[in-house]
Amino acid sequence: MLSRFCTLAFASLFIVLIGCAGVSAEEKSIVVASTTSTQDSGLFGYLLPIFKEKTGIEVKVVAQGTGQALDTARRGDADVVFVHAKAQEEKFLAEGFAEKRFDVMYNDFVLIGPKDDPAGIKGKDIETALRAIAAKAAPFVSRGDRSGTHVAELALWKGAGVDLAAAKGSWYREIGQGMGAALNTAGAMGAYVLSDRGTWISFKNKGDLAIVVEGDKRLFNQYGVMLVNPQKFPHVKKELGQAFVDWLISKEGQAAIANYKIEGQQLFFPDAFGGS
Amino acid sequence: MRAPTSDLPLVFDEVSLEVGSTRLVDRVNLVIAPGAPTLIVGPNGAGKTSLLKLCMGLVAASSGRITWGGRVDRAPARRAIVFQRPVMLRRTVAANVQFALAQASAPRGRRHLRTLALLDRVGLADLASRPARRLSSGEQQRLALARALARDPELLLLDEPTANLDPAATRAVEEIVLQAAQSGIKIVMATHDLGQVRRLAGDVIFLVRGRVCERRLMIDFFDNPLMPETAAFLRGDLVI
Amino acid sequence: MADHLSAWQLIVGGDAALFAIVRLSLLVSLSAVALAALFGMPLGALLALTRFPGRPVLVVLLNALMGLPPVVVGLAVYLLLSRSGPLGELGILFTPSAMVIAQTILIVPIIAALTRQTVEDLWREYRDELTAMDVGPLGRMATLLWDARFSLITALLAGFGRAAAEVGAVMIVGGNIDGFTRTMTTAIALETSKGDLPLAMGLGLILVAIVIAINAALWGTRLWADRQAG
């Protein structure tokens, strides 16, 4: 009798499982590979319900670093990519994995550090600040994960003329994780870290950290969106994905982006002008 | 369907059983043919259990030849065995018997009826839906008998089935064994209990250190033992 | 999920997102246990009852695979199910089905190895009886598995514990998609990385409470059934 019960239990589990898989395949949905900063800042939590209300399309966001998101798309595992590392995006475009790229919005990076500012860089411009950190060998946490933030950070070090190769492992610490993890680590170590403003504002474990450098125009962070090329991957949901792209750069989508605020602060500034 | 083969006569031809460096059964020659029950007696360690396992075909002889009805193939056709401490399957009494019936390829439609009949025969009909592991030792032994009889055996082997039972339970088991013998089943049973030998035996095999010391009709075994060891054993003086 | 509420408030308030996450975690891990039992138990029983050259190597290997790192399994399954991979056509990457597959692979060795040990021990006890009753190989496996059912529950619990606790495999093959493939463990990882440590801890305690409850329920079932079946 128990064996009959068990068989029944297993059978029903199977049916439920297959049911789940079946349902997911039929509903209107797309997979968007994006960055942890857009997720962690809560932007998607705000935008996607608006988009679903309008179009009935379920957007499934897989949040990874920019490099990983682009690789996911290169494998054909996403319909749309939405990241913030223009150089990497253009390489993606050149490789033929997308046909067009659109600017969507920008936010800025901020340099975060301990409140007592051991490197004494508060209020300076970004390149001076980074040089001071290197000179004083103050601990610095890097995401080290080929994300948009990481790529931007490396470009800033290069612009400041600092050679990181020697510093790796001593005061320059690469953790290979997302923005939240980097902030946690910096807080724990009393280190400096480059973050996007959106993640910083919504980060809940600020502890002893504060913004030390901001506003420098070199800290500008551009986001772009691309539909994965259906010629390369015929299974890509072309119409639904294009609908999402179109909405993001439409007046409505851009207004929604501008409307997203945390603690009264706008995080992202829409700037879609058309394809590049 | 069951093959219409027979397991009798069961013939041992210079059979020995060795485990490691110990010889448990030593050059035994014997013939088991249909008839009255054969009881096997002997001191502890004489090899009674090993001999029965060889008869059943559970172990292979190290040397010599065993044939069942002329066949050398060990697959049990129409024989069954009841162990001293039978293992009860973790299910009800009735389910245990049904299991044995299924394994003996009894026709599916008849199994339920045959289960009831077998349980009745061993006096366990009232306990049919009790979990088998919760029976007393005497009841478990009777269930083991029911399982063995489910195989419709011509040859029924029993290894000291009443060694752990009280007199009442012992009598119950002996009654079932006698009835089985009367219905034509050849009984081969190992025992410690000389009273049991008197009550049940047609003939007796006396084993010492794995050798057949003597094989006699029951009367002659007690009244006229041939070997000094036999006499010593009957007096209770046998020291190995 | 509401950012500023504590985990307790979410439970009491019946937060829909929280319940969805708990439901998904249970669905994925319990399905994985069911599937792993389906494959692993017969495999363990087979290994216990057969002898063939190289068997000791296989036994050792199976025991070693109990410690398979979840993230490695996740990566391997990801490469299999990716659109660029051999099974891409199925299109089940980033869905709960992929998560179930990954967890099943993860816990089959546990269930198989523990089953093998249990069945091997029981066979020693049952060998003579089952041989005397002329039980064939499949019959032996079925009889031993059924008679060992209470000990095997422990194997299932061990498998469930491993599945419910892991985050590496489901994160990689599921993608931690909000409302779709987010489980308790991936939610905890996410909230931690967002810095909301109290919420993450709260979720963690809920997860532990659920696992304890399931263990207790199964243990209770075993005690009751033991009394019934003797």
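**Helix packing, chain contacts and a buried helix face**

Biologist: At what angle do helix α3 and helix α5 of chain C pack, and how far apart are their axes?

Modeller: Two packed helices are described by the angle between their axes and the distance between the axes. In this predicted model, helix α3 (residues 55-65) and helix α5 (residues 96-132) of chain C pack at about 130°, with axes 8 Å apart. α3(C) is therefore oblique to α5(C). Axes are lines fitted to C-alpha atoms, for helices over the stretch in contact, and angles run from 0 to 180 degrees between N-to-C directions. Under 35 degrees counts as roughly parallel, over 145 as roughly antiparallel, 65 to 115 as roughly perpendicular, and the rest as oblique. Helices (H or I, at least four residues) and strands (E, at least two) are DSSP runs, numbered from the N terminus.

The model is predicted: local features need pLDDT of at least 70 and side-chain atom pairs pLDDT 80 or more, whereas totals for chains, interfaces and linings use all residues. Residues are numbered from 1 along each chain as its sequence is written, and chains are lettered from A and ligands numbered from 1 in the order in which they are written.

Biologist: Which residues of α3(C) and α5(C) meet?

Modeller: Contact requires C-beta atoms, placed from the backbone, within 7 Å. From α3(C), Val59(C), Leu62(C), Asn63(C) and Leu65(C) meet Pro109(C), Ala112(C), Ala113(C) and Arg116(C) of α5(C). By class, this contact has six nonpolar residues, one polar and one charged (Ala, Val, Leu, Ile, Met, Phe, Trp, Tyr, Cys and Pro count as nonpolar; Asp, Glu, Lys and Arg as charged; the others, Gly among them, as polar).

Biologist: Which chains share the most contacts?

Modeller: Of the two pairs of chains in contact, A and C share the most. Here 26 residues of chain C are in contact with 27 of chain A. Two or more residues on chain C's side come from each of α2 (16-49) and α5, and α2(C) gives the largest share, four residues. That side divides into twelve nonpolar, ten polar and four charged residues. Chains A and B do not touch; their nearest C-alpha atoms are 10 Å apart.

Biologist: Which residues of helix α3 of chain B are buried?

Modeller: A residue is buried if 20 or more other C-beta atoms lie within 10 Å of its own. In α3 (residues 111-121) of chain B, the buried residues are Thr115(B), Leu118(B) and Leu119(B). They line one face of α3(B), because seen down its axis they fall within an arc of 100°, taken from the directions from the helix axis to the C-beta atoms. These residues pack against α2 and α4 (137-150) of chain B.

Terms used: A residue is buried if 20 or more other C-beta atoms lie within 10 Å of its own, exposed if 12 or fewer, and partly exposed in between; C-beta atoms are placed from the backbone.
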